[in-house]
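Here is a short briefing for a first look. Keep the sequence and the 3D view open as you read.

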Amino acid sequence: MKTLFDRTIATALLAVAVAAVAAPAAAAIDIPVWSTNFDNGQVFQSTGPFGYESATYTAGGAAIANSQSLPGFGTRYLRNSSKGETVFSFTGLDPHESLTLSFDIAFLDSWDRATDTTWGPDYLFVTTNGVTQQWGLNHAGQINWPGTLIGRGSFAANGSWQDSVHRFQFLIPNQSSDFTFSIRAGGKGYQGGNDESWGIDNISLVAQVPEPASWAMLIAGFGLVGTAARRRRTVVAA
């Protein structure tokens, strides 16, 4: 025969189970970690309110430059005309479920197609937390990766070549307290300088955290279990 205690425990456990099931279905909240358009000359132009311990930047040959009317870019952007790797890193991120990274990338000047075996190929290597993706251009002058073409035209240092700007957004299932995002150019035909370079602008890093209501349900459920357990101990002691 079930006692009042048993029924109380069963009710509490049911509350926890319901909360646990409901929590994954609840929408997560987006909290900004970092964003910049480099217009004020700073890499970490706007940070937080999502918490972290440190943010570091390794130029790898990159420098902030005037945007030269690149589509979608502000007055300045970050340009790298070398083969060096540009790295952005965060350590000690607060707990989160995932990260959303978005940015605009410009392929500048005489980028040789991924299918060009005479002068190319030229590639852009983008790495997030150790996972590298290799991007190049196809015959239509578009990046061979699912991104949105913002515009094409002759904007950069070498006006005789066509440049293109592409917008990307990635949902990264990262729960680590550290996050690293890096970019470099390379490939058999990559020369750098005013012959080939790349630029980035409108970077945004956003953390997804559980909705407060989900956490409240879980806490309330576990609280009921704790209360019941304390009551049971009192009964046993008596």
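A polar contact of 3.0 Å links the side chain of T86 to that of N80. The model is predicted.

- T86 sits in strand β6, which covers residues 86-91.
- Is T86 buried or exposed? T86 counts as buried because its relative accessibility is 0%, and the cut-off for buried is under 20%.
- Leaving aside residues up to four places away in sequence, T86 touches Y57, T58, A59, G60, A62, L78, N80, F181, S182, I183 and W198.

**The open sheet**
- Strand β6 also belongs to an open sheet of 5 strands.
- The strand order is β3-β6-β12-β8-β9, with antiparallel pairing.
- Strands β3 (54-58) and β9 (131-135) form the edges, and each pairs on one side only.
- On average, neighbouring strands of this sheet are turned by 10° against each other, direction ignored.

**The β8-β12 pair**
- Strand β8 spans residues 123-128, and strand β12 spans residues 179-186.
- These two strands run antiparallel and are joined by 6 bridges.
- Which residue in β12 is the bridge partner of T127? The partner is S182.

**Nonpolar cores**
- Nonpolar side chains tend to be buried together in soluble globular proteins.
- The largest nonpolar core here has 35 residues.
- Within this core, F103, I105, L124, F181, W198 and I200 touch the most other members.
- Two or more core residues come from each of β1 (29-36), β6, β7 (98-109), β8, β11 (163-172), β12 and β13 (196-209).
- Strand β13 gives the largest share, 6 residues.
- A second core is separate and has 6 residues, including F73, A106, L108 and V165.

**The whole chain**
- The protein chain holds 2 helices and 13 strands.
- Of its 238 residues, 40% are buried.
- Take the contacts between residues at least 6 apart in sequence: 72% of them join residues at least 24 apart.
- The accessible surface of the chain is about 11900 Å².
- Carbon and sulfur atoms account for 56% of that surface.

Definitions and conventions. Residues are numbered from 1 along each chain as its sequence is written. This is a predicted model: local features need pLDDT of at least 70, side-chain atom pairs count only at pLDDT 80 or more; totals for chains, interfaces and linings use all residues. Side-chain values use heavy atoms; hydrogens and water are left out. Two strands pair if DSSP finds at least two bridges between them. Helices (H or I, at least four residues) and strands (E, at least two) are DSSP runs, numbered from the N terminus. Axes are lines fitted to C-alpha atoms, for helices over the stretch in contact, and angles run from 0 to 180 degrees between N-to-C directions. Buried means under 20% relative accessible area, exposed over 50%, partly exposed in between (1.4 Å probe, protein chains only). Contact means heavy atoms within 4.5 Å. Accessible areas come from the Shrake-Rupley method with a 1.4 Å probe; for residues, only the protein chains shown count as cover. A polar contact is a pair of N or O atoms within 3.5 Å; within protein, one must be able to donate a hydrogen and the other to accept it, and residues adjacent in sequence count only if both atoms are side-chain atoms. A nonpolar core is a set of buried Ala, Val, Leu, Ile, Met, Phe, Trp, Tyr and Cys residues joined through side-chain atoms within 4.5 Å.
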